[in-house]
Structures are given as structure tokens and as C-alpha cells.
Amino acid sequence: MKYSVIVPVYNRPDEVRELLESLLRTGFKDFETVLVEDGSTVRCDAVVADYSDRMDVKYFMKENGGPGPARNLGAEKAKGQILLILDSDVIVPEGYFKAIEEELSIKDSDAFGGPDRAHESFTAVQKAINYSMTSFFTTGGIRGGKKKLDKFYPRSFNMGIKKGVFKSLGGFSKMRFGEDIDLSIRIFEGGHSCRLFPGAWVYHKRRTDFRKFFKQVHNSGIARINLYKKYPSSLKLVHLLPAAFTVGTVLLLLISLFWPWALGPIFLYALAILVDSFAKNSLEGTGITQSLKIALLSIWASFVQLFGYGTGFIRAWWNRCVMGRGEMEAFKKNFYK
């Protein structure tokens, strides 16, 4: 067997159904799907039963410990030569496996990853959040793509890695947040080849509201400092940008109390997001009214993303680098609910 699709799951039977249906629609046969329930109280038994006679799907359960250990269990049970690690809230397009096959035929790679897009069924808020996570005006360039500010590090929502390489690296660490970047860093440090497969994209729902989204990116900011403490060379200048944006925006808001023109840079930045998001959604065939709604929400999503990441980064920097405290995380108990 060539591929094993590894999916950690926490209380997401509806999303798992969508994912399995999308995998089935690819028409590709040389793969298995390994689902690992990470201490879920709302399980996927019925969903797995619905698809077990139509595709090769395996189902395991474990106590809650975070997505990293769940993926490790899935990899341990997997039979494929290449592990395709997906989040449970993604949908794969019909050409997903074909794109991976084509990239590997052109040049072999020990590890790889693909970008994400917003599905037409996503709500306006989900599309706005997707924009903020993929736009070059926010931190999309850091994540990697055709335009990027740093080399490409695969993320666990859409990551591929040879099983032998995964095993040699010890799999995912016990970090609850940032565990995918931790693995990506070790891939590069181990001298393994790793690159972006632009055509192997997925639809990724991410968070469904701004409160959950803030939790996600705040933890990502904290994780960046935790990663820095483990791998000092991993912290690049681009990783400071959200924190600088957060501090700069707060200072401009304070200055604007006495000099209103200080709001100018904030207004211009918001306008750039509005125009860019509107243009992108319009080109994708979204109607003018809906595109404008998404664009307006994209402004808020972008500020939530940068402030969430920036405050998490600053908070962790203060606690770990200034106060000398140990590894930290936030929203651990209710992050996935």
C-alpha cells in the first residue's frame, strides 16, 4: 500500500463524514484511512460503519492527549509507505492524490505539504478566516506558498512524510501546540528533503467563529516561543511581525487620542485587506454583495489573527525569556471544544 491517511479526531463526526466522502470521490484506490479518536465524547463509530464497506478505513481510540500522540498512534498502525496527515476538518478535492503523484514523479521528496483554500459551502466567517490565514498581507507568507517570507514548513492539516523518515524522527512530540512545526524543524535538521506541493491543496474549515479563531492563533504565538526555546535558530525576523504589528497598532491607537491622523496607517492597511479580499472572492465567482461581506469580515479576521498571535508571542516571550519560566500553553482544556 502506498499511502496511509492519518486523521486525529476530537468530537467531529460530521466533519469526518465530509472528509471520508471527499476521499471516496477522488476515485484513487491505493490508500487506507486511519482515524484515531483522541478521547472524544461524541464518536465517529456510525460514520466509520457507513464507509467501511466502500473504502479501507481503520478506527482506533485513545485517551485524550492532543493531536500529536493521536497521529503517532495512527502512524504506528498504518501500512502505507507514505503518511498523509490531515486534520479532521478538511475536505480533499478530486485531484488531490493525482497532484501528489505528479509531484513525486517529477522529484522525490521525503516530506511535503500543500496549501489550503475555502470551499464554496463555507460561511462568510470561515472564508474570512481562511483569507486571514493565507493572505500575504497577514502571515500567509510565513506559512509558505508561491510567495513566502520563509522556507516552507509543512503543517499538520495537510502534510505528507515517508513512514521510514517519520519513524526515524520519533514522530510528533508531546507539544500540544506547534507540534507540526516541531516535526518540520526536525525534518530539515535531519537533512531530509521537504517541499511545497502547490497542487495538493485541501479545503480547510479551521475555526468557525472569531472566539475560537483567537484561541487558535494565540496558542500559535505561544508555540513559536516554545519552539524557539527548543530550537533557537528557528526564530526568524518574520516571526516577530505579528508582535510588532500588535504593539504598533496599540501605540497608534493611543497616539490617535491626541492626533487623529495616526489612524492613517491602520486605515490604509484595512483598505488593502478589503480590496484584496474582495478581488479574490470576486474572481472565484462569489457575488458582489457576498464578496463585500467577506471582505469586511476579512479585515476583522486579519486583526484577530495578528493580535491573537502577537499577544500569544509577547505573553510567552515575557514568561519564558524574561521571567525564565517553563513551557507554557493556553486554552488547553477547552481549545478543541
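This is a predicted model: local features need pLDDT of at least 70, side-chain atom pairs count only at pLDDT 80 or more; totals for chains, interfaces and linings use all residues.

Trainee: Why is Tyr3 called buried?

Mentor: Buried means under 20% relative accessible area. Tyr3, which sits in strand β1, comes out at 0%, so it counts as buried.

Trainee: What does Tyr3 touch beyond four places away in sequence?

Mentor: Its contacts include Phe28, Phe31, Glu32, Leu84 and Ile100. Take Glu32: it is 29 residues from Tyr3 in sequence, yet the C-alpha atoms are 6.6 Å apart.

Trainee: What makes a group of residues a nonpolar core?

Mentor: The residues must be buried, belong to the nonpolar types, and be joined through side-chain atoms within 4.5 Å. The largest such set here has 32 residues, with Leu23, Leu35 and Tyr96 among those with the most contacts inside it. Elements supplying at least two residues each include β1, α1 and β4, while α4 gives the most, with five. Another core, of 19 residues, lies apart from it and includes Ala78 and Phe172.

Trainee: Which residues does Leu23 touch, leaving out those up to four places away?

Mentor: Val5, Phe31, Thr33, Met55, Val92 and Phe97.

Trainee: How do you know which residues of α8 and α9 meet?

Mentor: Contact means heavy atoms within 4.5 Å, and on that basis Ile181, Asp182 and Ile185 of α8 meet Arg224, Leu227 and Lys230 of α9. By class, that contact has three nonpolar, three charged and no polar residues. The axes come within 10 Å and cross at roughly 30°, in a right-handed crossing.

Methods. Residues are numbered from 1 along each chain as its sequence is written. Side-chain values use heavy atoms; hydrogens and water are left out. Buried means under 20% relative accessible area, exposed over 50%, partly exposed in between (1.4 Å probe, protein chains only). Helices (H or I, at least four residues) and strands (E, at least two) are DSSP runs, numbered from the N terminus. Axes are lines fitted to C-alpha atoms, for helices over the stretch in contact, and angles run from 0 to 180 degrees between N-to-C directions. A crossing is left-handed if the near helix is turned anticlockwise from the far one by less than a right angle, and right-handed if clockwise. Ala, Val, Leu, Ile, Met, Phe, Trp, Tyr, Cys and Pro count as nonpolar, Asp, Glu, Lys and Arg as charged, and the others, Gly among them, as polar.
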